[in-house]
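I opened the model to look up a few points in one chain. My notes follow.

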Amino acid sequence: MGVNEQSGTNGDLLIELEDVYKIYQMGQEQVKALAGVSVSFAAGSFWAIIGPSGSGKSTMLNILGCLDRVTSGRYTLENNDVSMMNDDAVSELRLRHLGFIFQSFNLIPQLTVQRNIELPLYYLGWDAEESAARAVELARRVGLEERLGHRPMELSGGQMQRVAIARALANDPRILLADEPTGNLDSATGQQILELLRELNEQGKTIIMVTHESDIARLANKRLHMRDGLIETVEED
Amino acid sequence: MRRLKVARNIWLGIENLLLHKLRTFLTMLGVVFGVGSVVAMLSVGEGASKEALQQIDKIGIRNIIISSIKSVEEESQSTTRSYMSIYGLTYDDRLRIEETFSHVLQAVPVKLIRKSARLAERNLELRVVGTTPSWFELLKREMVAGRELLEIDSKNRSGIVVLTEFGARRLLATENTIGQRVRVGGSYYEIVGIVKSEGGMAGNIQMPDEQIDAYIPIEAAKERYGDITTRYTSGSRERELVELHQMIVEVDHMDNVESVAKGIEVMLKRFHKKVDYRISVPLALLRQAEATKRTFNVVLGSIACISLLVGGIGIMNIMLASVTERTREIGIRRAIGAKRRQITGQFLVETVVLSTAGGLIGIGLGLLIPWMITIFAGMPTVVTIKSVILSVGISISIGIVFGLYPAVRAANVDPIIALRHE
Ligand SMILES: Nc1ncnc2c1ncn2[C@@H]1O[C@H](COP(=O)(O)OP(=O)(O)OP(=O)(O)O)[C@@H](O)[C@H]1O
Ligand SMILES: [Mg+2]
C-alpha cells in the first residue's frame, strides 16, 4: 500500500492505483513497465509524472487514461474498479470523465478545428447545434475562435495543441491527462500551453501531466518521480 | 431524433468518401457493373416473357387449338385416282370434348374452305372460315366496321360474311360497302362487318386466323359447301372429307389448360386410328418463355454474381487499406470514448454508402443497357420496379457483407498502438 499517505486530506479521492503491474512479454524476457505501483491522486491537484526515458511514465498515464489495462493490481477511477470493467464501460468512462492531451496533438486531419472539438460531443450524442455552440465557446477559451473552419494542417503547433485542449475540455471532464504536451513545441509556445493548463487547474480540473523535464515539472504542485517502473518519491509544494 | 442521428452518420460517411473522390469512384465500379448487369439481365428475361405474353394474348391464354392434319399415309394414298381421303376432327369429337371435360367451357368448331371471291371488279383468294359467333369471343379481335357473327345468323344459316381488314382492303371494300353482296365461290354473301386479323405465327403456333379470312356461320358453310372438298391439281382430282378443320377449346382457368390438353390428346388417340390432328397450347409458349428466362437468369445471373463478388472484394480491399490508413484516427476516436461498435458502425456506414451509391449508378447503367439492346439488337426489354428494388437490396447487402470484416478490424485496433501509428 506504500506511498498514498498524501491523499485523503485534500479533496476527495479521485484515482487510485494499488500494487499495479504492467508486464510486457518480449519472447523469453519480461519487461516490467510498471513493477508494483501504488499511488492515489487527489482531486484538484496539478500532478507531474517525471522520470528518465523508459521509466514507465507513459505506461502509467495510459493506464490512468483507461487506454491500457493493468497486468495485475487494482485501478479505481471515481469509484469505478476499472480492472473489472468491459471495453464498452471503459470507453464510457473515457467519454464522460477524461480528457486527453498528447505530445503529437492527435487531431483528425480531415476534420476542421470545429469538428475536432465537437468529436467527444458527437459520441455523447449531442445534437449539431448544441455541439457547435459549445465548440465556439471552447475555441474562444483557448483563443482560437478565428480558426474554427481551418484544418489542423493550417495551424501552428501551439495552435494545434490549443485545439487538442479545447477538445479535451468538450465533455467537461474532471480529469485531464497530458503526455508531454509541450514535447513538440518550442519553449515559448510550450510555456503558453503550460500556463493554460495551470489556469484550468485553478478552475478546478485535476491535471496529470507526464514530462521528463524538471523545469516543466516544477510548474505542477505535486511531482511523482519514477524510475524503472517504480515510484521513487512524491514531492509536494 | 434517432432518424436524425442515422442521417448524420450517413452524411459523415459521405463526407469522408468525398475526400478521395477518384478512389471512391474507382472502388464503386465493380458494384456499378455488377448491378448494371443484374438490371439489364432481368430486363431482357422480363422482355422475352412479356413478348410471349403479348403473342399468347392474341390466341388466348385459356384456349387450346386443335387442327386437323393430313397424316403421312393419307398423303401418299391421295395420289390414287378417285380416292377420297377422310381425316381430321369430327363433329362427334367436338361434342365429346364439350361433354367430357368439366373444365371446358366450349369447343368452337371451324371449317376452312378455300374459295375465290369477287366484289365488283376485284378478285381475291379467300379462306372461308365457317364458325360460330363464339369464335369472336375466344379470339378478341377489334371490329373495324359493322358487326360480328351473331347467334341469329347461325340459326338462319344466313348468307352473311365478316371480312378481315386486309381482305376488305384488297377487295376495295370500305365501311360503305357493308350491306353489299360479295360472291364467294358460287354463293353470294352480304358483308356485315370488317374485323382486324392477326395471321402468321406466335412462337411455333400457327395463329388460328389469317389475313385472308372470311367468316361465315358454320351452318351456312355446311349447307353450301358440305364436308367434301374437291381440288383439281395438274390433271388429278383430290377429294377430301373433313368434318372440322379446327377447334378452339376454351378452358375455364389457366391452371387447367395443360391437364385438359392432355385429356384431349388421350381422348383423340382413342377415337382416331391415325394421328390426324395437332394440339397446340398457347400457354406452352409462356412456359417456354419462362424456361428461357430462367436459363437466361441463371447464366447471366452467375456472371452478375461474379462481378458483384469482384466488386465486393474490391470494396473490402479498399476499406481494409482505409482502416490501416486511418488507424491513428481510430485510436483518437477510441481515446475520446468511442465504443467498438461505434467504430464498426462508422466504417460500415461508409462501405454501405459506397456500395449503395455504386448500386444507384449501376441502376442507371442498367436502364441504359436494355434501352440500347432494344435499339440495336431489337430485343424487347422491360425494367421492372422489382428488379430495381432487388438491385438496391443487393448493393446494400454487398456493403454490409464486405464491409463487416474491415469495420470489425477497425474496431479491434488497440488504441495505444493506434495512437503511436504514423
Ligand atoms: N508495447 C510494448 N511492448 C513491450 N515493451 C513496452 C511496450 N510499451 C512500453 N514498453 C516498455 O515499457 C517501458 C516503459 O515504457 P514507457 O513508454 O512507459 O516509458 P516512458 O517513461 O514514457 O519513456 P519516454 O520518456 O521515453 O517516453 C520501456 O522499457 C518500454 O520499452
Ligand atoms: Mg513516454
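I take two strands as paired if DSSP finds at least two bridges between them; helices (H or I, at least four residues) and strands (E, at least two) are DSSP runs, numbered from the N terminus. On that basis I looked up B:Thr233 and found its bridge partner in β13(B) to be B:Ser236. Six bridges join β12(B) to β13 (residues 236-241) of chain B, and the two run antiparallel.

This is a predicted model, in which local features need pLDDT of at least 70 and side-chain atom pairs count only at pLDDT 80 or more, while totals for chains, interfaces and linings use all residues. Residues are numbered from 1 along each chain as its sequence is written, chains are lettered from A and ligands numbered from 1 in the order written, and side-chain values use heavy atoms, without hydrogens and water.

Next I traced the sheet: three strands of chain B form an open sheet of mixed pairing, in the order β2-β13-β12. Its edge strands, β2 (84-86) and β12 (228-233) of chain B, each pair on one side only.

I then turned to the helices. Helix α10 (residues 282-325) and helix α13 (residues 385-411) of chain B pack at about 30°, with axes 9 Å apart; axes are lines fitted to C-alpha atoms, for helices over the stretch in contact, and angles run from 0 to 180 degrees between N-to-C directions. α10(B) and α13(B) are therefore roughly parallel (angles under 35 degrees; over 145 is roughly antiparallel, 65 to 115 roughly perpendicular, the rest oblique). I noted B:Leu308 of α10(B) and B:Phe402 of α13(B) among the residues making the contact (heavy atoms within 4.5 Å).
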